[in-house]
Amino acid sequence: MRKTADVVDAVDVSVDAMLEDLRTLVEVESPSRDLDALTASARAVAAVIENRLGGRAVLMESEGGPHVHWSAGGDPRVLILGHHDTVFPLGTLARRPFRAEDGHATGPGVFDMLGGLVQAVHGLATLDDRSGVEILVTADEEVGSRSSRALLEERALACGAVLVVEGAADGGAVKTGRKGCGTFRVSVAGRASHAGLEPAAGVNALIEAAHQVLDIAALGRPDIGTTVTPTVAAAGTLDNVVPAEATVIVDVRVESADEQQRIESAFAALAPHLDGAEIAVQGAVSRPPMPESASAELFAEARRLLPGLEGRAVGGGSDGNFTAALGVPTLDGLGAVGGGAHADHEYVVIEAMAERAHLIAGLVNAVRKA
């Protein structure tokens, strides 16, 4: 295990202790929108924080579930940002229990992103002085951060620097940029009729939806990082009825504010091809792009602490998109090294856990000295 530079090790990190805490969190399942499960998870997260760092971790109730906030006191200087909700439904643990073997820790949510939370807490525990540090662990990141966005933006602005402990990119790279992302729902209204007796009397919403899918797909500009991907479609009721309704769901990713504006304007301008059809559009690019300029200073410091560390811009979004859009320096992907986010093969590389914990501690010290 490499040691990062300039980290004061009042107490060294224990991988066994980190795995103990990781097991505790993984075994309290926390699917998004399940308020009872999220309450139990928030209490477990708060207990781990208090046990390792002292002080009081406050549960902040919201319609999305309880968020967990801890402050070491003093003038706020750096926010460690994460989430405790996962994409896995209750019962996943029974099929895929927590295990630590063959160099990997596995289990639902272990990489995205409970491993990163544990590493951050244990990294902070190595510091004699934790003043100016805050931890915010939200309950709804996986479903859009609607109940937590205002809170995390408030704390980011108050602290002035954000370290996001989402899982690392491939090979352990930190995430220096993220695409803006959003979901659009296109609803088509037509008119039903008998498909055999008088098909021409109807307005076929499925055919209109097919036209819309082609128009929407043509909005993509992958050469500049803009992807527009129809992902889900539904139409019709019975096989002998001209469908009166159809819906199309579209995933959008953009790298710039200009592209965000272009795409949102294009969706607003969608028009029907068939006489009598109507189009309604909902949605937006809800997470703004995180430009690499937002992470440049913190990434340079991370590379000084851990020479050879790589940075990478990625397509997925996180709460770091929101904080970077405010102009707050933000570095993402500081969490667990591993892979398989949202998949059954999700894993954390155990050997890398101590190194990442020390990296968090080193960055905290660097930000406070700046």
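1. The strands here, E5 (residues 104–106) and E16 (residues 347–349), pair in the antiparallel sense over three bridges. Strands count as paired if DSSP finds at least two bridges between them. Element names follow DSSP runs numbered from the N terminus, with helices being H or I of at least four residues and strands E of at least two. Before you read on, please keep in mind that this is a predicted model, in which local features need pLDDT of at least 70 and side-chain atom pairs count only at pLDDT 80 or more, while totals for chains, interfaces and linings use all residues. Residues are numbered from 1 along each chain as its sequence is written, and side-chain values use heavy atoms, with hydrogens and water left out.

2. The E5–E16 pair belongs to an open sheet of four strands, ordered E4-E5-E16-E15 with antiparallel pairing. Strand E4 (99–101) and strand E15 (338–339) each have a single partner strand, so one side of each is left without a neighbour in the sheet. Helix H4 (residues 110–125) packs on this sheet and touches E5, E15 and E16 (contact means heavy atoms within 4.5 Å). The direction of H4 makes about 40° with that of E16; axes are lines fitted to C-alpha atoms, for helices over the stretch in contact, and angles run from 0 to 180 degrees between N-to-C directions.

3. There is also an open sheet of six strands, with mixed pairing and the order E1-E2-E6-E3-E7-E14. Its edges are E1 and strand E14 (330–331), each with a single partner strand, so one side of each has no neighbour in the sheet. E3 and E6 run parallel and are joined by six bridges. Histidine 83 stands opposite threonine 138 in E6.

4. Which residues of helix H5 (residues 149–159) are buried? They are Leu151, Leu152, Glu153, Arg155, Ala156 and Cys159. Buried means under 20% relative accessible area, exposed over 50%, and partly exposed in between (1.4 Å probe, protein chains only). These buried residues pack against strands E1 (57–60), E2 (67–71), E3 (78–83), E6 (133–138) and E7 (162–164), and against helix H9 (320–325). After H5 comes glycine 160, with a positive phi near 90°.

5. Some backbone geometry deserves a look. Aspartate 112 and methionine 113 are joined by a cis peptide bond, with omega about 0°, and methionine 113 lies in helix H4. Arginine 33 is not a glycine, yet has a positive phi of about 75°; it sits in the loop between helix H1 (15–26) and H2 and counts as exposed at 63% relative accessibility. Serine 145, in the loop between E6 and H5, also has a positive phi, near 60°, but serine 145 is buried, with a relative accessible area of 0%.

6. Another serine to check is serine 295, in the loop between strand E12 (278–287) and helix H8 (296–305). It counts as buried at 1% relative accessibility. Leaving out residues up to four places away in sequence, serine 295 touches Thr176, Met290, Thr330 and Leu331.

7. On a 1 Å grid over the protein atoms alone, a cavity is a set of points where a 1.4 Å probe fits but cannot get out, a pocket is an open set with protein on both sides within 12 Å along at least five of seven lines, and lining residues have an atom within 4 Å of a point. Grid points are joined across faces, edges and corners, and a volume is the space filled by probe spheres set on the points. The largest pocket holds about 880 Å³. Its lining has 42 residues, with Glu142, Cys181, Arg253, Arg287 and Gly317 nearest its centre.

8. By this rule there are two cavities of 30 Å³ or more. The largest cavity has about 80 Å³ of space, and H4 gives the most to its lining, with four residues. Residues lining the largest cavity include Leu25, Ile80, Leu117 and Val165. The second largest cavity, of about 50 Å³, has Leu25, Glu29, Phe88 and Leu114 among its lining residues.
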